[in-house]
Amino acid sequence: METLGLLADGFWLAIQPINLMLIIIGVTLGLFIGAMPGLGSVNGVAILLPITFLVPPASAIIFLAAIYYGAMYGGAISSITLGIPGASTAVATTFDGRPLAMSGRASLALITAALASFAGGTVSNVLFTLFAPPLASVALNFGPPEIFALMLLAFATFIGLSSDDISKTVFSICIGLVFAAVGFDQISGAPRLVFFDISGFLHGINFLVLAIGVYGIGEMLWTIDSTRGKITTSEAKMSVKGIVTDAKEGMARSWRGTTIGSFLGFFVGILPAAGATPGSLMSYGVSKMLSRESAQFGKGHPEGVAAPEAANNSASTGSMLPMLTLGIPGSPTTAILLGGMVIWGLVPGPRLFAEQPEFVWGLIGSFYVSNFFALLINIAFIPLFIWMLRMPFTILAPLIFVLSIVGGYATTRDMHDVWLIVGFGFAAFFMRKLDYPLAPAVLAIVLGPIAEPTLRQSLLLSSGDPTIFFTRPVAGPITIIALILIFLPLIKKVWDRRGGRRPSAAE
Amino acid sequence: MRRAEIVTAGLLALLSMYIMWKSTELQIGYIRGQGPGGGAWPFWLAAICLVSTGFIALNWWRGTSGPSQSDEPFLDSYGRKMLVLVGGGIVGFVVLTYIFSMYGAMALFLLYYIGFLGRHRWWVTLILATAIPTVFFFFFEALMRITLPKGMPFLEPFFNYMNTIIY
């Protein structure tokens with residue numbers, strides 16, 4: 001009851017005219033920043049942080065949270081309409097969002113993404129309100145072995161459940177992880193894999209460089225080649241009635257993915273060092289695993305859009321939890337928010353809830369309000385996004401190439417990375433023609449910087465004994481499930497052969 | 001297609017071996033008290049890559065993978081032409097960035113793609129090729145405070161003038 005009273009106070013603070021205005025501006029700005037390839041919530045929050053020093057701390061963080069929400073919604077837009085992930089959190093959204101858009105169902109994909117984001121945001125807000133402190137302590141007990149086991153599970157779902165060539169999938173995952181290892185060794189600090197001693201490799205290969213190369217250039221070249229340049233992207237027309245029917249269809253076909261994404265995303269979001277990106281990728285994998293129509297995933301199933309979108313919104317709320325309760329940021333964006341709070345003279349940690357209830361509950365109230373406005377503003381802009389898709393392809397294609405090059409430069413501000421994007425683009429085009437799945441490589445380069453240190457720390461804990469992944473109560477079951485998934489294709493093969501022999505023996 | 005499959009597998013195997021060799025610049029074994037060496041992770045991953053290219057080659061030999069059964073050419077005349085015109089255009093865009101700044105190169109690339117490849121009307125081409133770089137300029141330089149490459153010094157007066165609009 002006390003919680004409800006505090007929440008009501010929080011709502012009251014969030015709907016004060018100045019805060020409501022900041023929410024609307026923040027969500028709209030966030031939506032466009034998130035939709036821009038190469039710019040995500042981190043950029044938006046980091047760039048606009050100094051502006052917030054003009055308003056009281058509570059209003060300031062409400063504004064930043066609104067940008068964060070808007071960017072999470074916006075990431076899906078370029079994933080669906082252009083096929084380039086707007087941010088790492090929206091990588092998984094391209095897998096099904098792009099095929100849906102190509103088949104003329106862009107509005108279904110965009111509406112499903114918006115509704116799933118809303119559901120994910122709402123579920124996570126309720127969970128946040130109810131379980132903030134106890135959940136934070138559970139997540140804190142996750143050590144390196146548990147987190148590595150989770151990473152292994154994410155890769156395993158790709159191997160066990162993909163319909164692609166297994167050896168090519170494995171190659172794709174491992175090469176992505178190798179690219180993530182370029183730069184400096186995180187533990188010894190020594191330069192590592194500086195190919196041909198080119199200094200540009202010293203700062204590593206940003207995941208966006210690979211993602212933009214693969215999706216912005218490689219996939220586009222492949223599309224032009226395979227359709228002979230005669231692309232009829234979509235006949236999508238927008239009407240209020242169309243939005244309502246698409247919304248109904250989206251909800252009916254994707255509720256399962258939305259539910260999985262909302263809960264799984266929240267929990268992964270709480271884990272320090274995990275956050276929205278692994279959360280969305282894992283939710284995609286798990287939804288695919290549990291779906292009856294898993295063969296449709298990757299070809300344009302609304303559930304494949306809903307699961308990662310619900311998860312990335314849910315995880316972004318989740319990652320606020322360890323930040324507020326323990327002072328540990330769960331994602332780069334929350335790290336910047338944490339920095340802001342310190343500048344405003346607030347000390348995040350267990351005592352924040354007791355000492356600054358007005359601030360904390362105002363923020364939680366603003367989550368609900370931001371989420372609602374993000375949905376409204378997003379749906380209002382859908383016709384604009386659809387209109388972009390109806391442009392002739394000979395205008396849309398150069399626009400995507402320009403966005404890829406500029407977005408790639410803006411990420412790291414190094415021409416070396418622009419050349420890498422072009423190189424990855426051509427490589428991706430050739431590999432795509434030979435049926436190499438490229439999504440696993442993008443997944444791997446994103447998760448690599450989490451997977452490697454957790455593996456090394458775990459092995460250090462156990463003095464080099466790999467059984468640590470099997471003997472710990474939480475890590476054990478996760479590792480075993482991951483291994484079963486990895487060997488699933490092999491088990492299936494053996495099973496099929498045995499099953500295939502029986503009828504012949506009966507003859 | 002069949003030949004491309006095995007050639008690519010061979011190239012990727014070479015890449016894997018190169019990465020394995022490059023990884024040995026750091027320790028690849030277990031260091032007592034420090035955990036696995038810095039080279040261990042990429043070394044073993046590249047080793048797995050090498051093994052999987054072996055399997056790709058095996059599948060090619062047995063003819064079980066899609067491309068190894070296909071008689072279609074890897075790149076037909078359309079594909080080659082597309083790769084030269086579109087891919088070459090992208091490379092040209094990046095090269096021109098060093099000379100005409102990213103905004104200038106963007107405008108030239110749009111003129112080339114929309115006008116020459118797309119064969120749109122000249123006024124559509126012209127409007128887009130000037131409007132898009134202008135919008136990008138104000139979005140990046142003014143709103144996001146990210147400066148994109150400005151090309152060679154002869155463009156300096158122009159960007160100085162543009163900056164007076166922003167500040």
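Visitor: In chain B, what share of the contacts with a separation of 6 or more comes from residues 24 or more positions apart?
Guide: In this predicted model, such residues account for 55% of those contacts in chain B (contact: heavy atoms within 4.5 Å).

Visitor: How many helices and strands does chain B have?
Guide: Chain B has 6 helices and 2 strands (DSSP runs: H or I of at least four residues, E of at least two, numbered from the N terminus). The order from the N terminus is α-β-β-α-α-α-α-α.

Visitor: Is chain B spread out or compact?
Guide: Chain B is more spread out than a compact globule, because its radius of gyration is 24 Å, well over the 15 Å given by the globule rule for 167 residues (C-alpha atoms; 2.2 Å times the number of residues to the power 0.38). The C-alpha trace of chain B spans about 60 × 55 × 25 Å along its principal axes.

Visitor: How many salt bridges cross the interface?
Guide: The rule finds 1 (Lys or Arg side-chain nitrogen within 4 Å of an Asp or Glu carboxyl oxygen). B:Glu5 pairs with A:Lys168, with the closest N and O atoms 3.1 Å apart.

Visitor: What conventions apply?
Guide: Residues are numbered from 1 along each chain as written, and chains are lettered from A and ligands numbered from 1 in written order. Local features need pLDDT of at least 70, side-chain atom pairs 80 or more, while totals for chains, interfaces and linings use all residues; side-chain values use heavy atoms, leaving out hydrogens and water.
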